[in-house]
Amino acid sequence: MKQFAWLATKRARMALIYLLCIALALLFEYGKLHLIYGITFSFSSIFLLVAVCLFGVRWGLIASVLVQVCSIFIFHNPMFGWIYCLEILIIGLVNRRKPGQMLMWDAIYWFALGLPVMYGIYSGYFSSVSHELILMLVLALCNGLFNALMAEIALNYIPFSQWIEPSRKKDRTYSYSKVLFHLSIVAVAVPSLMYIVMNSRYSDRVATENSYQFAVNAASRIQQELSLWGKEDVLGIKLRSKLQIGYLKQIVQKYTSETLTNIVITDHEGRVLASNGKETILNGKYNWQSGKNVLALQKDFYRALPSSNHLVLPAQQWKEGSYIYNSSLPGLPLNLYIEMEVRHHQANVFAQFMNQLWYLLLFAAAAAAVAHFLSRMLVQGISKLASSTTDLPQKLKEMKAIEWPSSRVFEITSLSYNFRQMSLNLMQMFHEWKTMNEQLEEQTYKLRKSEEKLHQLAFYDILSGLPNRVYFTTHLQELILDSAESNRSIAVMFADLNRFKQINDTLGHDVGDLLLKEISERFASSLTENCKLFRIGGDEFVILMEDADEVRACEVIERIFASLVEPIRLLNSSLYSSVSIGISMFPRDGDSMDVIVKNADIAMYFAKARGGNSFHFYEKKLNDMFEEEMLLDHGLREALQKDQLVLHYQPKVNTFTGAICGVEALVRWEHPELGRIPPDKFIPLAESSGLILKIDEWVLMEACRQNKAWQDAGLQKIPMAVNLSGLHFSQTHLVELIQQVLEQSGLDERYLNLEITEGVFIKNVDPVIDTITRIRDMGIQLSIDDFGTGYSSLSQLQRLPISNVKLDRSFIHDIADEPKKAAVVKAIIDLAHSMRMTVVAEGVETKNEMNYLKQCKCDELQGYYFSRPLPADEFSALLGSEDDWKKPAARTV
């Protein structure tokens, strides 16, 4: 928008200057400088020459034609002025290729084309060469050269470019020789022109006064002679007596001379009575104003010129003009007309003008020669000095011989001496500079290497060599700005390695670093040309894809997944890795960098929940789900403080007797706004935030308290199973915590069963076994929960001091209909029995599942087939109806 306004302002200024040139040309064409007897001087072509140089041939020619048309049809000037349009055209074409020499090219134009064409046109029209024609040609030459000089001066010294573009730097320079030349010519031309103007005005005034005085004297003498007439003579005139008419003719012949062209005497009705002119007819009407332009100069004294003719020279028109004196004779019915031709005065004046113009041209040529001589004497020395000092340091550095100019001008000689001394000093400085330059180059090289290293540290990851988070944010911001203008999409793909922390913890950070380098190389080799890979920290990578859509993004993701199919061999071991990727699209999923990055992170979070190689595109509903999880994460802290957690209890039954042989405490969250929240939603959040430690302490304390309360109420004494997070085994006070809970609740150790997952044994196996052994020695039963879904091997099972193995529900579902699953379950049961462990099957929901497990001799069963998890009061009632429990109709499914 700003550039458009600047362009509009520039064009407006150009149009204003162009119109101003046309207006001034029209003004000076209308107000030509009239000297005398048709001799005029026009300055209009000054502005037309400026226009053609500033705006080009086309616009300059348009302006010239417009001015010429107005000159002919409005100002009634001769139509042969088209020769000036030709001048504008020629000068414009030449100036476009070789600018800056307008006066020279204009002189060539007039001598080679302008004057010959004018001479041919006028001589062909008038069929003879006259002094007026020669004068007009010389005048046209002087006028054209003077206007070209003024236009050249205007273009050189008036800052038109700064007027058109005010913001343009003022870097104009002037040639001393050209300035001197212009001053010399102007010093001659302008005073000479002023002298010609003043002399012409004086000559015109003298000629007018002399003609008037001559006419007044002649009229006075004629009037004196006619004043002697009597009444009979006057009556004879009225009666047109031949005697009186003849006497009038004698008077006319008497006072007619060669210089006095014509005397006419008429009656009051304008009929000619006496005349010496051939064009007057006796007794005919004498209309001296017909077909003429009449101008009153004084009382009864006029100047009459023939009507304007576009094909007639102004000087020729004046040559046919005349001064006319008109007076009525007192006492007589007569009018006297004395007509004097202008040509008699014009010839003398034109001779003077011709001499003056030749003198003007001679003086101008002399001034040009003097200017050239002075310029050669003064400027030549300066030019040589400027040429010698051009690139002086480089010449001195290359040890070139320098020729210093000599001149008769003292100042130039002084400059040459000063430059010579300065060059000697520079040569000494160059030697010092060379030494310093070598040192600087060495320092610069070191600085450049330091800058490159700093840049590498600032924008690239040291381990993988990939661009880092700083580079990522900068690059993404630039892509968003460019894509917003070009309406292109960007895909932001957040990639997070799965189980990398476990690999880092178990195999060490060195192996983790090697894994990251290998994965970085595989990712980089999987990308297409319009993708860029970043490592923004840890096991997190980002892929930016330009001009993207979902199809292209999926293709890149599939290539990334394919790169992880082959195992990664590190330190004589093979590892398999997977990645979770979240994708957000700009501008579909957000209009800013922060929003796009946040949405990609949210999508990656949900992709990670799927496990394995998985990806997820951002959807608006993910925000609600993510916000819900954040709400749960923050609400967990209040749940403990505000007693929002409750325990439900699910019984375990003996497979063969059907009697309740144990119970598992399951935590539930009664949220005041969201209602009951299942454990699979908030337990993972508690695990990641570390709140699971507090929750487990509360569950352990509440479960032991409730079991002790049931026993004190006389209900059946059964062991209470409580799940413990693996995080407890990284703490040092787990055993003390269990002891404290048992002491505060008063529950006997044998009625407490702690369930732990196989993930506890994935690292630091020996310290974990030591802790479990201490707990076992306290008389507390220990169970492995969700056996078969973790990372422990059967070889580790024999080392564990546990009493129970709990089969995960994924093995139990449809076990009777799937032979392979059934075989695995039977093998686990037989193996556990061989190591004197009790086997508990959870998730039993059908009779077929129960019968098959009973057939496999599974020890205990737990699931909805027997009872859902119940609140404490309902479970109390269940314990109180032991006999009814064994009846199938009483079971809660």
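Two strands are said to pair if DSSP finds at least two bridges between them, and strands of a sheet pair through backbone hydrogen bonds, either parallel or antiparallel. In the predicted model described here, pairing of this kind gives an open sheet of five strands, in the order S10-S11-S9-S14-S15, in which the pairing is mixed. Strand S10 (531–537) and strand S15 (614–617) stand at the edges of this sheet, and because each has a single partner strand, one side of each is left without a neighbour in the sheet. From one strand to the next, the twist averages 20 degrees.

Within this sheet, strand S9 (residues 490–497) and strand S11 (residues 540–546) are paired in the antiparallel sense, over seven bridges, and Asp496 is placed opposite Glu540 in S11. Two helices lie across the strands. Helix H18 (residues 550–563) lies across S9, S10, S11, strand S14 (579–586) and S15, and its direction makes an angle of about 165 degrees with S15. Helix H19 (residues 593–610) lies across S9, S14 and S15, and runs at about 150 degrees to S14. The loop between S14 and H19 contains Pro587, and the peptide bond that joins Phe586 and Pro587 is cis, with an omega of about 5 degrees.

These elements belong to a chain of 893 residues, of which 45% count as buried, and the secondary structure of the chain comes to 30 helices and 24 strands. When contacts between residues at least 6 apart in sequence are considered, 64% of them join residues that are at least 24 apart.

Strand S20 (residues 752–757) pairs with S21 in the parallel sense over five bridges, and the bridge partner of Leu754 in S21 is Leu782. S21 is also paired in the parallel sense with strand S22 (residues 804–807), here over three bridges, and Ile784 stands opposite Val805 in S22. Strand S21 (residues 781–787) is mostly covered, since five of its seven residues are buried.

In soluble globular proteins, nonpolar side chains tend to be buried together. The largest nonpolar core of the model has 77 residues, and those that touch the most other members are Ile738, Leu752, Leu754, Val844, Leu853, Leu861 and Phe875. Helix H22 (residues 692–712) gives the most to this core, contributing eight residues. For Phe875, once its neighbours within four places in sequence are left aside, the residues in contact are Tyr649, Gln650, Pro651, Val663, Trp710, Ile718 and Leu870.

Helix H2 (residues 44–55) and helix H4 (residues 82–97) pack at an angle of about 35 degrees, and their axes are 9 Å apart. The crossing of H2 and H4 is right-handed.

A disulfide is a covalent bond between the sulfur atoms of two cysteines, and a search of the whole structure finds zero disulfides. Cys858 is accordingly in no disulfide, and the nearest cysteine sulfur, which belongs to Cys856, is 8.2 Å away, whereas a disulfide would need the two sulfur atoms to be within 2.5 Å. Cys858 counts as buried, at 0% relative accessibility, and Cys85 is likewise buried, with a relative accessible area of 6%.

Lys857 has a positive phi of about 65 degrees although it is not a glycine, and its place is in the loop between helix H28 (847–855) and strand S24 (860–862). At 55% relative accessibility, Lys857 counts as exposed, because exposed means over 50%. Asp814, which is not a glycine either, has a positive phi of about 55 degrees and is found in the loop between helix H26 (809–812) and helix H27 (819–834). With a relative accessible area of 32%, Asp814 is partly exposed.

How values were computed. Residues numbered from 1 in each chain as written. Predicted model: local features only at pLDDT ≥ 70, side-chain atom pairs only at ≥ 80, totals over all residues. Heavy atoms only, no water. Buried < 20%, exposed > 50% of the residue type's maximum accessible area, 1.4 Å probe, protein only. Helix = DSSP H or I, 4+ residues; strand = E, 2+ residues; numbered from the N terminus. Axes fitted to C-alpha atoms, helices over the stretch in contact; angles between N-to-C directions. Contact = heavy atoms within 4.5 Å. Core = buried A, V, L, I, M, F, W, Y, C linked by side-chain atoms within 4.5 Å. Left-handed = near helix turned anticlockwise from the far one by under 90°.
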